[in-house]
Amino acid sequence: MNLRSKRALSATFATTALVTGAFTALPATASAADQAPMRCEGYTYSKVIKLGAPWYASRGPVVSKRNSSSSKSTLVYSVKTTKTRTTTWGGEASASVGWGIAQVEAKTKYEVAKSVAKGRTVTNRMTVDPGKRGYTQPMVEYQKFQVERWRELGNCKHDRIEIVGILKGITSSLHFAECQTRQASCTPKP
């Protein structure tokens, strides 16, 4: 092979190596768009946090009956309620009790009653041991919820903007406190 052919062949191999090297280097190079952090659209939303344990408030008087039989019996207690109970909202004036209830019901498993009226007759069936007196009282169950406003940022992180308010909601409008005793009396517990 002559010198001229050797030079031409060397030039061809060098060009091929450069082109091949360029192609193999391309996939390793990333564009600026590929290196940019993930972007989110960003939006505002509400979040509801349950605070503490439930508590109870009476709706009427304590009533009692004695089981005079020699076996357990189911006694029926009818009570006329004497107190109205309501769900309350404390917070942003632009948000109402109804809005707070809607937030809690949409974001939790709870159903919340706006109010419970007095003057209704409610009935409890209670199993009482033989020779004991059963006591019962109609109650409502309250649960406290914090309603917050949050936002998703462009970097996909979430940030709390503010606490909108606190809802003290009636989560059970008919809950009975009960106790039974052979003594003179007992205090019904929810």
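This is a predicted model: local features need pLDDT of at least 70, side-chain atom pairs count only at pLDDT 80 or more; totals for chains, interfaces and linings use all residues.

Q: How many salt bridges does a search of the whole structure find?

A: The search turns up 5 salt bridges. Another one of them pairs the side chains of Lys 72 and Asp 129, at 3.8 Å from N to O. Lys 72 sits in the loop between β2 (63–66) and β3 (73–80), while Asp 129 is in the loop between β7 (121–128) and β8 (133–152), so this pair ties together parts that are 57 residues apart in sequence.

Q: What about Arg 160 and Glu 148?

A: Their side chains also meet in a salt bridge, this time at 3.1 Å from N to O. The pair links distant parts of the chain: Arg 160 belongs to strand β9 (residues 158–181) and Glu 148 to strand β8, 12 residues apart. Arg 160 is partly exposed, with a relative accessible area of 40%. Glu 148 counts as buried, because its relative accessibility is 4% and the cut-off for buried is under 20%.

Q: Which residues do salt bridges that share partners join into one network?

A: That network is made of Lys 72, Asp 129 and Lys 132.

Q: Okay, next feature. How many disulfides are there?

A: A disulfide is a covalent bond between the sulfur atoms of two cysteines. The count for this chain comes to 2. Take Cys 40 and Cys 156: they form a disulfide, and their sulfur atoms are 1.7 Å apart. The angle about the S-S bond is 100°, and the link is right-handed.

Q: Where in the chain do Cys 40 and Cys 156 lie?

A: Cys 40 is in the loop between α2 (32–35) and β1 (43–58), and Cys 156 is in the loop between β8 and β9. The two are 116 residues apart, and the pair links distant parts of the chain. Cys 40 counts as partly exposed at 23% relative accessibility, whereas Cys 156 is buried at 18%.

Q: And which cysteine forms a disulfide with Cys 179?

A: Cys 186 does, with the sulfur atoms 2.0 Å apart. The torsion about that S-S bond is about 95°, so the disulfide is right-handed. Cys 179 counts as buried, at 14% relative accessibility. Counting bonded cysteines along the chain, the disulfides follow the pattern 1-2, 3-4.

Q: Can we zoom out? How many helices and strands does the chain have?

A: You'll find 3 helices and 9 strands. Walk along the sequence and the pattern reads α-α-β-β-β-β-β-α-β-β-β-β. Of the 190 residues in the chain, 29% are buried. The chain exposes about 12,000 Å², and carbon and sulfur atoms supply 52% of that area.

Q: What share of the contacts with a separation of 6 or more comes from residues 24 or more positions apart?

A: Those residues account for 78% of such contacts in the chain.

Key
Residues are numbered from 1 along each chain as its sequence is written. Side-chain values use heavy atoms; hydrogens and water are left out. A salt bridge is a side-chain nitrogen of Lys or Arg within 4 Å of a carboxyl oxygen of Asp or Glu. Helices (H or I, at least four residues) and strands (E, at least two) are DSSP runs, numbered from the N terminus. Buried means under 20% relative accessible area, exposed over 50%, partly exposed in between (1.4 Å probe, protein chains only). Contact means heavy atoms within 4.5 Å. Accessible areas come from the Shrake-Rupley method with a 1.4 Å probe; for residues, only the protein chains shown count as cover. A disulfide is a pair of cysteine sulfur atoms within 2.5 Å.
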